[in-house]
Amino acid sequence: MSDTHIHRTKPEWKENALIDAQTYEAWYQESVENPDAFWGQHGQRIDWFKPFTKVKNTSFDGNVSIKWFEDGELNVSYNCLDRHLEKRGDQVAILWEGDNPAEDRKITYRELHAEVCKLANVLKSRGVKKGDRVTIYMPMIPEAVAAMLACTRIGAVHSVVFGGFSPDSLAGRIIDCKSDFIITADQGLRGGRAVPLKENADKAIAIAEKAGAKVKNVLVVKRTGGEISWADGRDLWYHDEMAGASAECEPERMNAEDPLFILYTSGSTGSPKGVLHTTGGYLVFASMTHQYVFDYHDGDIYWCTADVGWVTGHSYIVYGPLANGATSLVFEGVPNYPDSSRFWQIIDKHQVNIFYTAPTAIRALMGAGDEYVTKSSRKSLRLLGSVGEPINPEAWEWYYRVVGEERCAIVDTWWQTETGGILITPLPGAIDLKPGSATKPFFGVKPQLVDGEGSVIEGAGSGNLCIIDSWPGQMRTVYGDHDRFVQTYFSTYKGKYFTGDGCRRDEDGYYWITGRVDDVLNVSGHRMGTAEVESALVSHPKVSEAAVVGYPHDVKGQGIYCYVTLMAGEAPSEELKKELVAHVRKEIGPIAAPDKIQFAPGLPKTRSGKIMRRILRKIAEDNYTALGDTSTLADPAVVNDLVENRQNRR
Ligand code: 6R9
């Protein structure tokens with residue numbers, strides 16, 4: 001990249017910054033050369049009931065074992081609440097903005113502490129114990145944050161399931177982690193429309209119980225007052241249970257390596273994996289990255305637009321900010337309701353200083369027109385962030401110029417559900433920016449690029465992105481399936497964590513993430529396995545076979561392109577396409593709705609029967625002049641048919 005693409009660190013960004021360029025270099029060197037000393041020191045940023053004496057005990061070889069601060073004891077809710085009470089009990093912890101612009105709430109640290117203690121007592125009184133799994137299926141309301149923290153208070157392990165997932169997806173997650181307690185709401189509210197959460201939960205429980213699961217209780221927050229059905233004895237109203245609960249609850253002493261939460265995420269094969277994070281290392285890493293990446297200063301108003309159903313919501317709405325005593329804005333709604341100025345209106349209304357969102361939202365709002373932005377002030381903004389997928393330079397420049405008025409640095413933060421926190425990112429006072437690059441590794445992170453054969457690429461070049469040593473926020477295992485953990489992440493390149501992403505490193509040592517190199521799609525920043533969409537499609541009685549690939553999409557980043565072979569005797573039709581789209585929405589959820597469906601009498605396969613996705617991707621991308629070698633196909637003629645009937649309008 002030439003210098004013209006560099007945005008040099010502005011003097012204003014350096015002035016008050018927590019980390020300058022020299023500090024970044026010095027700390028980074030120490031963090032990778034002497035991780036025990038470095039993390040031993042930074043591990044002190046949180047409060048320990050029993051201090052750790054060991055820091056790092058990790059191995060990426062053989063059976064893979066990752067332990068940080070292993071003899072320390074702590075409690076996450078204590079760190080996010082109790083320890084702030086003396087100094088900032090009356091400071092707002094959760095600044096809630098409703099879907100309806102007329103609704104908002106301010107919850108102080110003292111109030112949140114009381115709510116969490118009461119809810120923890122409710123859970124205990126209903127038999128939830130340390131180590132039990134609690135499923136949280138909630139809208140973006142303060143009670144969702146309270147539910148997460150209440151679990152951590154008593155040592156229960158939460159599994160938050162995004163409210164946009166279908167009953168089937170929810171059921172799969174309840175079954176996998178054997179969760180018998182669910183916290184939900186009657187309905188959610190998004191863009192003026194009700195989301196039937198309780199109804200979905202009822203359906204999910206019926207599916208799970210057919211498979212042998214048993215759900216003891218469903219705790220229901222009344223959000224809209226909409227009509228719902230009720231199972232006496234099983235279902236409990238949140239407000240009823242809370243009314244009699246005590247606001248005092250001793251935080252459970254947890255070992256640093258006790259499980260904190262499970263979060264399901266898509267991979268290239270099989271059903272979503274339960275990513276397991278543990279207590280001590282995760283909290284150190286989430287809070288430290290939150291402070292330094294967002295250059296967070298006491299008193300800043302901080303807003304991350306993610307949903308708590310994703311890892312970004314866990315680390316950068318809840319745990320990182322609250323561990324740091326921040327004011328964290330929680331938004332119930334969507335960027336374009338009531339209109340496309342909503343984000344900027346909220347920024348002005350609450351005087352937001354730090355704003356963290358996703359490229360898909362930036363591109364959608366860019367498409368809506370500058371007037372929506374420029375009619376707001378945004379003078380409070382100091383820093384902008386991006387996460388979820390590669391940000392194209394055009395969107396980056398628009399975000400920088402129009403939203404931030406060239407006053408705000410942009411931190412393009414690369415990380416994953418598995419990494420627990422941000423791994424590659426600029427630090428705003430220390431690292432010059434290049435639009436489209438996540439720039440440099442965070443402290444303690446050792447990236448490496450390797451080629452298909454596993455040879456290490458030195459200096460400038462492209463390859464598959466691995467991380468060669470552990471950091472405290474790393475996932476510890478796949479819940480209930482450690483072999484799958486080792487297989488998925490440490491077997492492609494022995495002794496290295498393989499991220500699944502492709503990446504380029506330029507002459508300045510900057511990292512440019514190019515996207516997934518496996519069969520994982522990234523649709524509007526949501527991760528989805530092509531295998532999951534395929535299995536949803538083939539579960540339809542008229543479908544015999546399906547192959548799913550991604551293709552470039554202006555707003556979503558990637559769209560979902562499905563090749564579908566019908567059962568003998570079934571006729572292709574526009575009606576059937578609609579039926580299949582509806583079927584996938586029902587099976588997985590609206591985020592997985594196919595963008596394009598092409599009926600294919602045959603799929604390109606090797607003689608051994610393997611579907612050649614490379615060819616399907618090229619056709620979906622409209623790039624059929626570059627199909628490459630098709631001579632190894634069992635039946636090369638199917639390719640001609642696919643090209644002729646390419647589905648390009650819907
Ligand atoms: C935090 C989160 C992880 C995948 C990851 C990569 C993509 C995330 C990115 C990015 C380029 C960034 N990704 N941030 N790609 N630049 N700044 O999104 O977690 O849902 O697990 O997705 O998202 O492909 O592998 P998750």
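Ala, Val, Leu, Ile, Met, Phe, Trp, Tyr, Cys and Pro count here as nonpolar, Asp, Glu, Lys and Arg as charged, and the others, Gly among them, as polar. Keep that in mind for the two sites below, both taken from a predicted model.

**Around the ligand**

By that sorting, the shell around the ligand splits into 6 nonpolar, 6 polar and 5 charged residues. There are 17 residues around the ligand, and the ones that come nearest are Asp412, Thr413, Thr417, Asp501 and Arg527.

On its own the ligand has 530 Å² of accessible area, and the protein covers 96% of that. Helix 11 (311–323) and strand 26 (511–516) are the elements that give two or more residues to this shell.

**The second largest pocket**

Now for a look at some open space. The second largest pocket holds about 320 Å³. It is lined by 13 residues, with Asp168, Ser169, Arg173, Ser271 and Pro272 closest to its centre. Two or more lining residues come from each of helix 7 (167–176) and helix 17 (530–538). Which element gives the most to this lining? That would be helix 7, with 5 residues. Sorted by type, the lining of the second largest pocket has 4 nonpolar, 4 polar and 5 charged residues.

Terms used: Residues are numbered from 1 along each chain as its sequence is written. This is a predicted model: local features need pLDDT of at least 70, side-chain atom pairs count only at pLDDT 80 or more; totals for chains, interfaces and linings use all residues. Side-chain values use heavy atoms; hydrogens and water are left out. A residue is near a molecule or strand if one of its heavy atoms lies within 4 Å of it. Accessible areas come from the Shrake-Rupley method with a 1.4 Å probe; for residues, only the protein chains shown count as cover. Helices (H or I, at least four residues) and strands (E, at least two) are DSSP runs, numbered from the N terminus. On a 1 Å grid over the protein atoms alone, a cavity is a set of points where a 1.4 Å probe fits but cannot get out, and a pocket is an open set with protein on both sides within 12 Å along at least five of seven lines; lining residues have an atom within 4 Å of a point. Grid points are joined across faces, edges and corners, and a volume is the space filled by probe spheres set on the points.
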